[in-house]
Amino acid sequence: MFKWKTISLSTLLLSVFMLSGCNIKVLNPQGPVAEDQFQLILWSLGFMLFIVLVVFSAFTIILVRYRDRPGHQNHDPEQEGNKWLELLWTVIPIIIIICLAVPTVRTIYALEDPPKQSKDQEPLTVRVVSSDWKWIFVYPEQGIETVNYLNIPADVPIKFRLTSAGSMSSLWIPSLGGQEYAMAGMMTQLILEADHPGTYVGKNANFNGKLFQKMKFNVHAMTREDFQAWAEKVKKNAPKLTKEQYLNILEPGVSAKKTFSSTHLSFVNHVKEPDFAVKHTEILPPH
């Protein structure tokens, strides 16, 4: 008995020690969208742990009470067709599915709109184009464009409108919320928000080739004043984006951070021209 207690206690302490070094972004929400998803994760985990606890408790009770032993004649081991038991293990899974599905569906639909605390604010629209293997961010209202980094104002909902100039990707900023796919010829939408200034990591959550792991970028959330100043500075000082430069960006491969005082929307809309990159760039052989 002493040995098992020692092993259990050691395992528990080791788990706590190892988990203390983890930095799981989805469990450390930095915005209202991520917070709602975090609460949904907690509810799902807690409910499923409760089910596991009930199942193993019932299993233990049945194992001890109804085990075959001398002098034990309080039940019929050949019994079958008990309608109450049949009803019980038919209804319980249905209840479990309802308890998990209802809050999940409600949360998913609620996240299609700006967070409640920001509904009075006009969202900032950022158009996102994924290319093999980089991210392009367009600020239509500011008339500027960046590659492989994203600046946003804090406490303002950001409406991402995503498409792809290459293979399918998935935009994911774990600290701010869940992911959304970017697909050629389609426009998807994702709303996120940072509740305070900070730097967060964004990545591609969908495997799309040999340089998939390089599709990471930093998200800099700043005050509204700092964001406005940054946008004005870019508009004033950054170079214009030419079609030739944009075609170079679309070439498959990684790219350094870039900033432009104009956008590619003046000469291509990837939603309407999904094969634009195929026609104008040198696509690498299959990988």
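# Helices, cores and loops in a predicted model

Helices H2 and H3 are roughly antiparallel to each other, because their axes cross at roughly 175° and any angle over 145 degrees counts as roughly antiparallel. The model described here is a predicted one. Helix H2 spans residues 32–65 and helix H3 spans residues 83–110, and their axes come within 10 Å. On the H2 side, the contact is made by Asp 36, Leu 40, Trp 43, Ser 44, Phe 47, Met 48 and Ile 51. On the H3 side, Ile 96, Cys 99, Leu 100, Pro 103, Thr 104 and Thr 107 take part. Sorted by class, the residues of this contact comprise nine nonpolar, three polar and one charged.

Leaving aside neighbours within four places in sequence, Leu 40 is in contact with Pro 103, Thr 104 and Thr 107. Although Leu 40 and Thr 104 are 64 residues apart along the chain, their C-alpha atoms are separated by 6.9 Å.

The protein chain as a whole has six helices and eleven strands. Of its 287 residues, 36% are buried. Among contacts between residues at least 6 apart in sequence, 69% join residues at least 24 apart.

Which residues touch the most other members of the largest nonpolar core? They are Val 126, Phe 137, Leu 150, Phe 160, Ile 173 and Trp 230, in a core of 36 residues. At least two residues of this core come from each of the strands S1 (124–131), S2 (134–139), S4 (149–153), S5 (158–164), S6 (169–173), S8 (188–192) and S10 (216–222), and likewise from helix H4 (224–237). Phe 160, with residues up to four places away in sequence not counted, touches several residues, among them Val 126, Leu 150 and Ile 173. A second, separate core has 14 residues, including Val 129, Val 138, Leu 241 and Phe 276.

Several loop residues also deserve attention. Pro 123 lies in the loop between H3 and S1. Apart from neighbours within four places in sequence, Pro 123 is in contact with Pro 114, Glu 141, Pro 157 and Lys 159. The C-alpha atoms of Pro 123 and Ile 191 are 8.7 Å apart, while the two residues are 68 apart in sequence.

In the loop between S1 and S2 is Trp 133, which a cis peptide bond joins to Asp 132, with omega about 5°. Asn 148, in the loop between strand S3 (144–147) and S4, has a positive phi near 65° although it is not a glycine. Asp 155, found in the loop between S4 and S5, likewise has a positive phi of about 65° and is not a glycine.

How many salt bridges are found in the whole structure? The search finds one. It is formed by Asp 275 and Lys 279, whose closest N and O atoms are 3.4 Å apart.

The table gives the relative accessibility of residues discussed above.

| Residue | Relative accessible area | Class |
|---|---|---|
| Leu 40 | 15% | buried |
| Pro 123 | 13% | buried |
| Asn 148 | 10% | buried |
| Asp 155 | 36% | partly exposed |
| Asp 275 | 35% | partly exposed |
| Lys 279 | 62% | exposed |

The classes follow from cut-offs: a residue is buried under 20% relative accessible area, exposed over 50%, and partly exposed in between. At 62%, Lys 279 therefore counts as exposed, whereas Asp 275, its salt-bridge partner, is partly exposed at 35%.

Definitions and conventions
Residues numbered from 1 in each chain as written. Predicted model: local features only at pLDDT ≥ 70, side-chain atom pairs only at ≥ 80, totals over all residues. Heavy atoms only, no water. Axes fitted to C-alpha atoms, helices over the stretch in contact; angles between N-to-C directions. Helix = DSSP H or I, 4+ residues; strand = E, 2+ residues; numbered from the N terminus. Parallel < 35°, antiparallel > 145°, perpendicular 65-115°, else oblique. Contact = heavy atoms within 4.5 Å. Nonpolar A, V, L, I, M, F, W, Y, C, P; charged D, E, K, R; others polar. Buried < 20%, exposed > 50% of the residue type's maximum accessible area, 1.4 Å probe, protein only. Salt bridge = Lys/Arg side-chain N within 4 Å of Asp/Glu carboxyl O. Core = buried A, V, L, I, M, F, W, Y, C linked by side-chain atoms within 4.5 Å.
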